[in-house]
Amino acid sequence: QVQLVESGGGLVQPGGSLRLSCAASGSIFSINDMGWYRQAPGKERELVAAITSGGRTNYADSVKGRFTISRDNAKNTVYLQMNSLKPEDTAVYYCNADVMDYFVRRKDYWGQGTQVTVSS
């Protein structure tokens, strides 16, 4: 069993910053890609940022230059530093991990979601 636990969401004013974290635990052999997705009301879930086990990153055009994804492989944790936040960043943010467990099963796991609200 693998669990992803998110933290760091909240309410912030436009131009402010938040840092999200997502820690994976359980019968983990290795983690390949990790990423952050978000879903706003009435919108499709979209990829915000992704990072490989080697540290290669990819970002949605809407967040390039403002968000930074990183990971600590020793802690099985992925982070999303969000700067210069805009109201349109308001959404529920979900972390995702591509996990190989000790039963030799590869599967995507999802965090519970954390609300990010950007409003004055």
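Glycine 10 sits across from valine 116 in strand 11, and that is a handy place to start. Strands here are DSSP runs of E at least two residues long, while helices are H or I runs of at least four, all numbered from the N terminus. What you have on screen is a predicted model, in which local features need pLDDT of at least 70, side-chain atom pairs count only at pLDDT 80 or more, and totals for chains, interfaces and linings use all residues. Residues are numbered from 1 along each chain as its sequence is written, and side-chain values use heavy atoms, with hydrogens and water left out.

Back to strand 11. Strand 2 (residues 10–12) pairs with strand 11 in the parallel sense, over three bridges; to count as paired, two strands need at least two bridges between them by DSSP. Strand 9 is joined to strand 11 by three bridges as well, but these two run antiparallel. Here valine 116 turns up again, as the bridge partner of alanine 91. Look at the faces of strand 11 too: Thr114, Val116 and Val118 make up the covered face, whereas Gln115 and Thr117 are on the uncovered one.

Now for another sheet. Strands of a sheet pair through backbone hydrogen bonds, either parallel or antiparallel. Four strands form an open sheet in the order 1-3-8-7, with antiparallel pairing. Strand 1 and strand 7 (67–72) are at the edges with a single partner strand each, so one side of each has no neighbour in the sheet. On average, neighbouring strands of this sheet are turned by 15 degrees against each other, direction ignored (the axes are lines fitted to C-alpha atoms, for helices over the stretch in contact, and angles run from 0 to 180 degrees between N-to-C directions).

You can walk through this sheet strand by strand. Strand 1 (residues 2–7) pairs with strand 3 (residues 18–26) over six antiparallel bridges, and serine 7 has serine 21 as its bridge partner in strand 3. Strand 3 also pairs with strand 8 (residues 77–82), again antiparallel and over six bridges. Along that pairing, leucine 18 faces methionine 82 in strand 8, and cysteine 22 faces valine 78.

Next, the loop between strand 10 (106–110) and strand 11 (114–118), where you'll find glycine 111. Glycine 111 has 10% relative accessibility, so it counts as buried (buried is under 20% relative accessible area, exposed is over 50%, and partly exposed is in between, using a 1.4 Å probe and protein chains only). Leaving out residues up to four places away in sequence, glycine 111 touches Leu4, Glu6, Tyr94 and Cys95, where contact means heavy atoms within 4.5 Å. Glycine 111 and tryptophan 36 are 75 residues apart in sequence, with their C-alpha atoms 9.5 Å apart in space.

Finally, the aromatics. The structure holds two aromatic pairs; Phe, Tyr and Trp rings (for Trp, the six-membered one) pair with centres within 6.5 Å, and planes under 30 degrees apart are stacked, over 60 edge-to-face, the rest tilted. With ring centres 5.8 Å apart and planes at 85 degrees, phenylalanine 29 and tyrosine 102 make an edge-to-face pair. Phenylalanine 29 is in strand 4 (residues 28–39) and tyrosine 102 is in the loop between strand 9 (91–101) and strand 10, 73 residues apart. Phenylalanine 29 is exposed at 56% relative accessibility, and tyrosine 102 is exposed at 56% too.
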